[in-house]
Amino acid sequence: MSVKTKFPRYIRELKGSLYYQRDFPTSLHHIQKTFTKPLKLKATNYTEPELQRAIASATETFELKVKMMQNTNASDYSEVELDKAAVELLRSLHLNPGQFFDTHTEEGFIDWAEETIPGLEDAFEEGKDAQYFNRKPKLSAEQEAALRAYEALKKQWAKKPKMLSDIWQEYLIESPIDLNSTEGRTVQRNWERLLAFIGDHRIDSINVLEAIHEGFRQFWDERRSRGVKVQSIRKQYGRGLAALRLASENYHLGWQIKPKGSTKKTKLDPVKRKVTLTESEQILLLKYCLADHKTPAVSACLVFMMQSGAMASEIKRLDPEAVLTELKNPLPMIRIGTDDTTTVKNDSRRRSVPIVLGKDYLIANLPKAIEWLNDATGSAHAQRLKRGLKRATGNSGLSAHCLRHTLRANASSKGANSDHVACICGWSGAQGVISKDMRNYGLEALTRHKGFQDVTATSRMIHQHLIDAIEEGDSNVVQLRK
């Protein structure tokens with residue numbers, strides 16, 4: 001017996017396709033009881049971001065429809081709302097913008113349009129009356145939407161987005177984001193913040209480029225006033241800038257967008273000194289973690305980070321079963337991003353990390369850590385890792401990222417081979433030691449590979465002070481052997 005899929009509220013399945021179905025407020029039932037809109041998604045073939053975008057669009061259409069049923073004065077609507085109403089009207093009539101571009105001059109087209117598009121005939125009549133009495137037309141929202149739908153049928157350019165807000169959806173088709181992820185929601189918020197400063201203008205407006213530059217200036221000034229770094233601001237407006245430039249290219253708008261802060265001459269914020277753990281703090285941390293049975297998921301992350309320079313996001317994407325197999329290998333390792341479908345910050349981050357510290361502890365607890373990171377929301381995991389560092393060392397100024405800086409500092413102080421360190425941490429320069437093809441080979445082949453054997457020896461040399469400290473430590477701490 002098949003299990004019926006549970007869809008979000010207002011989503012219904014009909015003949016294999018998804019629809020948005022929602023009742024209008026009771027006070028409007030005398031006009032229309034139920035609103036229904038197809039989402040153009042198959043019930044068995046969609047991604048969660050696609051569904052969420054479709055639901056958001058349908059909700060906007062529903063709310064606009066409610067407003068139009070309650071308020072008929074077109075002057076109370078924005079340009080965006082009236083354009084959306086026109087598009088929705090065409091959809092309900094099974095018509096498309098630009099559909100009659102080549103035939104709208106034929107005899108009988110206007111008569112057909114007046115019969116087909118609700119409110120159009122009244123809009124024409126109001127236009128004639130206004131012209132006769134030399135006054136501005138007093139159109140209802142329905143009449144204005146009908147006029148815009150009529151014009152859209154005739155004009156070839158009606159197929160391209162009219163407003164700046166429209167170009168974002170086109171950009172997401174080429175560069176999709178996951179709105180269920182923290183990163184995706186941040187990208188979306190940054191675009192909405194930028195658009196709020198620019199304003200939602202028509203893309204064919206004479207002053208639109210001036211508004212874009214002014215919006216970027218205001219965005220920059222507001223972010224700087226809040227103490228946001230120059231590099232971070234550039235990153236925050238980066239996707240919005242890409243969307244605007246894509247629209248300019250696709251629709252031959254000729255925009256030359258040079259936002260404030262985009263030139264190399266901009267004075268960057270001074271680089272802060274990278275915080276690293278002292279040798280005694282490193283020893284305290286490792287001993288604390290290997291003896292920790294209260295928060296083993298946190299400690300397992302820290303033990304792995306100490307010798308890999310890995311980020312929490314990299315650990316989160318590991319396969320628990322593969323990790324156990326790799327740790328039990330004669331030459332213990334953990335491979336990060338060896339499957340090319342796994343997301344990594346850049347290709348250099350795909351690497352095989354030798355495990356020279358806490359192998360048994362990682363076997364017992366790293367799968368729990370992977371599960372914990374996948375269940376954590378927002379920055380909760382970062383705060384718990386920070387608390388673990390403080391409990392172990394007494395230093396409240398440390399974060400998990402400091403372990404990556406510490407690994408680099410340890411390697412430098414001991415004169416470690418820089419290419420080997422790049423292999424361990426996922427920096428550029430590792431290809432000369434372990435090729436991409438070798439990286440994807442099986443465990444046995446990688447174990448025999450001289451390059452990986454040399455990298456493992458370098459890792460032991462970098463962490464020798466920790467290996468010695470643990471071997472000389474208390475008997476209740478997991479013992480390591482050379």
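The largest share of the lining of the second largest cavity comes from helix α9, with 4 residues. That cavity holds about 30 Å³ of space, and its lining is made up of I167, E170, Y171, A243, L246, A247 and N250. Two elements, α6 (164–174) and α9 (230–250), each give two or more residues to this lining. By class, the lining splits into 5 nonpolar residues, 1 polar and 1 charged.

Helices (H or I, at least four residues) and strands (E, at least two) are DSSP runs, numbered from the N terminus. A cavity is a set of points on a 1 Å grid over the protein atoms alone where a 1.4 Å probe fits but cannot get out, and lining residues have an atom within 4 Å of a point. Points are joined across faces, edges and corners, and the volume is the space filled by probe spheres set on them. Ala, Val, Leu, Ile, Met, Phe, Trp, Tyr, Cys and Pro count as nonpolar, Asp, Glu, Lys and Arg as charged, and the others, Gly among them, as polar.

Now, the provenance. This is a predicted model, where local features need pLDDT of at least 70 and side-chain atom pairs count only at pLDDT 80 or more, while totals for chains, interfaces and linings use all residues. Residues are numbered from 1 along each chain as its sequence is written, and side-chain values use heavy atoms, with hydrogens and water left out.

How many cavities of 30 Å³ or more does the structure hold? There are 2. In the largest there is about 50 Å³ of space, lined by L277, Q282, M306, L403, T406, L407, N410, H463 and L466. Helix α16 (residues 401–413) gives the largest share of that lining, 4 residues. Here we have 5 nonpolar residues, 4 polar and no charged.

Some of those names come back around L285. Beyond its neighbours within four places in sequence, L285 is in contact (heavy atoms within 4.5 Å) with L277, L302, M306, L389, A392, T393 and L403. L285 is also among the residues with the most contacts inside the largest nonpolar core, together with L302, F304 and I315; that core has 54 residues. Helix α11 (residues 296–308) supplies the largest share of this core, 9 residues. Apart from it lies another core of 28 residues, including V187, L195, I233 and I257. By nonpolar core I mean a set of buried Ala, Val, Leu, Ile, Met, Phe, Trp, Tyr and Cys residues joined through side-chain atoms within 4.5 Å. Buried is under 20% relative accessible area, exposed over 50%, and partly exposed in between, with a 1.4 Å probe and protein chains only.

K15, by contrast, is exposed, at 81% relative accessible area. K15 sits in the loop between β1 (11–14) and β2 (17–23), and its phi is near 55°, a positive value in a residue other than glycine.

Definitions and conventions:
1 Å grid on protein atoms, 1.4 Å probe; cavity = no way out; pocket = protein on both sides within 12 Å on 5 of 7 lines; lining within 4 Å.
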